[in-house]
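Here's a quick briefing on the structure below. Take a look at the model first, then read on for the main points, grouped by topic.

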Amino acid sequence: MCGIVGIHLKTPGLESRLGELMVPMLGALAVRGPDSTGIAVYRRDVPADRLKFSLQAQGDRVDWDTLADHMGEGATVRVAGDSAVLVTPSAAPDVLAAIPPGVRVVGWGRAIEVVKDVGDAATVSERYGIAEVAGYQGIGHTRMATESAVTTEHSHPFAPGADLAFVHNGSFSNHATIRRRLALEGVRFETDNDSEVAARFVARQVEEGKDLGDALRMVLKTFDGFFTLLVANEDQFAVVRDSFACKPLVVAETPEYVAVASEYVALGDLPGIARARVFEPMPEELHVWSR
Amino acid sequence: MVTVSELVLDCRELSTSEINRALRAAADGTVARIVQPRGRHNLAVGLQNRLTVTIDGNAGYFVGGLCDGPDVTVDGFVGWSLGENLMSGTIRVRGNASECAGASAHGGLVVIEGDASSRAGISLKGGTVAVAGDVGHMSGFMAQAGTILVGGDAGESLGDSLYEAVVYVAGKVRSLGADARFEDLTDVDVAAVRELVEAAGFDHVDAERVTKVASARQLYNFDALKDQRY
């Protein structure tokens, strides 16, 4: 089991309340995944020539200001506990190469910010002040580990490409085969987690020019196992379920938003939910919303 | 004359256990209403008394599961495993039901006025599942005994690995599962469907024009008199 939640706002009206809406959604699905909790939110709050890097200290305290000073001209840092968001005009490969040992990049791009940690939804939401976060879309995950260890690195979302975030409920059965194939092509992995393989597979599809819809079609062709996936990037928000629809998903759509969750109980308190079109995606049925 | 007062249980104020305990403690004949369910799981579960319970909105998983007696109505849609392991009584859903509706029901009647998702009536053990609309893939999977009536269309692999349960479909069948086959309607079938259509209130189903799906009996051995050990 795991829990998946997401909101994709179609109008700016609720943007200031994104975190406030998502925290109870994560909380409602804490029973599906009490091990770890994570969220990726999207907001355009830096100039177009800047990138944001979501960073986490891996153990010892990190002097974030010193780190920013070493990241080149114009780099600034916003600190929240053991994590920070580095904002910089430098190119992504340069920044990623310069990140010192003891600091982990959990997501990067023009709009995305990622926090994830071991702990239940209430604990992690409180620790990172998720309720105060604004944005135009967000995806979250509550994890019950079945395939690999309970650590922050193993938790979701996985965000292995620019503005890409990926959450998964289920388990892949052929992930080792695909991991070997991707490794031969030069893809590097941080964990032995099955979801990370699919996340990096999607990232590779996107790098080759596919949109999220086509990338997820390739997941359907390539991966075997149980999965409900929610994937987002700067402009898109997409869901897909495996051929047997083994893992649940409920979608609620209104003129203001698309909200998705493993269970309707996570959607029941959203504003305007009584007027929403509520449905469950069919097996292998892709749903992609674009801005 | 007895005055029946309604027992109102509010999900905003009560835990699921408190709601189910209150229902279990109610006298036979009680009319109860569960308000503000907002997708809550496990409502009206494990009741053995003769109650009339209305759930006023959308509910979650296992609604009416393990019940033996009450009449439960949901004025909304429900999540997975509606009426799972129902022993007797009725459960009626005014909207749609998610996966595994009526799973393993031993008795009673589960009526869904909308559509049901995949695996409706999975492992049915003698209960009755009636769906006014469509059912999803793998419905009736390994159903051992009982009846499934589909007022609309059935998805892929209907009746896969059926035992003695029977499925009637008013609309189209996308495909049959392993060891399921179409059979001719007998007078007994028509009478059974007519009775069920009436109980469910399905005006749109003509009992003489449904398609019957039953086991081809190639996957298991029916001969109880053979020297078998279980």
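## Two chains at a glance

Chain A splits into domain 1 (2–44 + 115–290) and domain 2 (47–110). Keep in mind that this is a predicted model. Chain A carries seven helices and 15 strands, while chain B has two helices and eleven strands. Eleven residues of chain A are in contact with 13 residues of chain B.

**How the domains of chain A sit together**

- Taken over C-alpha atoms, the centres of domain 1 and domain 2 of chain A are 23 Å apart.
- Domain 1 of chain A puts 13 residues into the contact, and domain 2 of chain A puts in eleven residues.
- On the domain 1 side of that contact you'll find six nonpolar, two polar and five charged residues.

**Overall build of chain A**

- Chain A has a radius of gyration of 18 Å, close to the 19 Å that the globule rule gives for 291 residues, so it is as compact as a globular protein of that length.
- Of its 291 residues, 49% count as buried in chain A.
- Take the contacts in chain A between residues at least 6 apart in sequence: 72% of them join residues at least 24 apart.

**The cores**

- The largest nonpolar core has 86 residues, and A:F166, A:V202, A:V260 and A:A261 are those with the most contacts inside it.
- Which helix of chain A gives the most to this core? That's α6 (residues 194–207), with seven residues.
- Domain 1 (2–44 + 115–290) and domain 2 (47–110) of chain A both contribute residues to this core, so it lies between them.
- Another core, of 72 residues, lies apart from that one, and its members include B:C11, B:L23, B:A59 and B:F202.
- Back in chain A, what does A:V202 touch, leaving aside residues up to four places away in sequence? Its partners are A:L164, A:F166, A:A215, A:V219 and A:V231.
- As general background, nonpolar side chains in soluble globular proteins tend to be buried together.

- Strand β11 (residues 236–241) of chain A is mostly covered, with six of its six residues buried.
- Both faces of β11(A) are covered: A:Q236, A:A238 and A:V240 are buried on one side, and A:F237, A:V239 and A:R241 are buried on the other.
- In general, side chains in a regular strand alternate between the two faces of the sheet.
- One partner is strand β10 (residues 225–232) of chain A, which pairs with β11(A) in the antiparallel sense over five bridges.
- β10(A) and β11(A) make a hairpin, with three residues between them.
- A:V231 stands opposite A:A238 in β11(A), and A:V231 is also one of the residues that A:V202 touches.
- Strand β15 (residues 287–290) of chain A also pairs with β11(A), in the antiparallel sense and over four bridges.
- In that pairing, A:V239 stands opposite A:H287 in β15(A).

**Overall build of chain B**

- Reading along the sequence, chain B runs β-α-β-β-β-β-β-β-β-β-β-α-β.
- The radius of gyration of chain B comes out at 18 Å, close to the 17 Å that the globule rule gives for 230 residues, so chain B is as compact as a globular protein of that length.
- The C-alpha trace of chain B spans about 50 × 45 × 35 Å along its principal axes.
- Buried residues account for 52% of the 230 residues in chain B.
- Among contacts in chain B with a separation of 6 or more, 24% are between residues 24 or more positions apart.

**A spot to check in chain B: B:V190**

- B:V190 sits in helix α2 (residues 187–200) of chain B.
- Buried, partly exposed or exposed? B:V190 counts as partly exposed, because it has 17 C-beta neighbours inside 10 Å.
- Not counting residues up to four places away in sequence, B:V190 touches B:L185, B:A207 and B:E208.
- B:V190 and B:E208 are 18 residues apart in sequence, and their C-alpha atoms are 5.7 Å apart in space.

**Where the chains meet**

- The side of chain A that touches chain B divides into seven nonpolar, one polar and three charged residues.

Key. Residues are numbered from 1 along each chain as its sequence is written. Chains are lettered from A and ligands numbered from 1 in the order in which they are written. This is a predicted model: local features need pLDDT of at least 70, side-chain atom pairs count only at pLDDT 80 or more; totals for chains, interfaces and linings use all residues. Two residues are in contact if their C-beta atoms, placed from the backbone, lie within 7 Å. Ala, Val, Leu, Ile, Met, Phe, Trp, Tyr, Cys and Pro count as nonpolar, Asp, Glu, Lys and Arg as charged, and the others, Gly among them, as polar. The radius of gyration is taken over C-alpha atoms; the globule rule is 2.2 Å times the number of residues to the power 0.38. A residue is buried if 20 or more other C-beta atoms lie within 10 Å of its own, exposed if 12 or fewer, and partly exposed in between; C-beta atoms are placed from the backbone. A nonpolar core is a set of buried Ala, Val, Leu, Ile, Met, Phe, Trp, Tyr and Cys residues joined through C-beta atoms within 7 Å. Domain bounds come from an automatic or database domain assignment. Two strands pair if DSSP finds at least two bridges between them.
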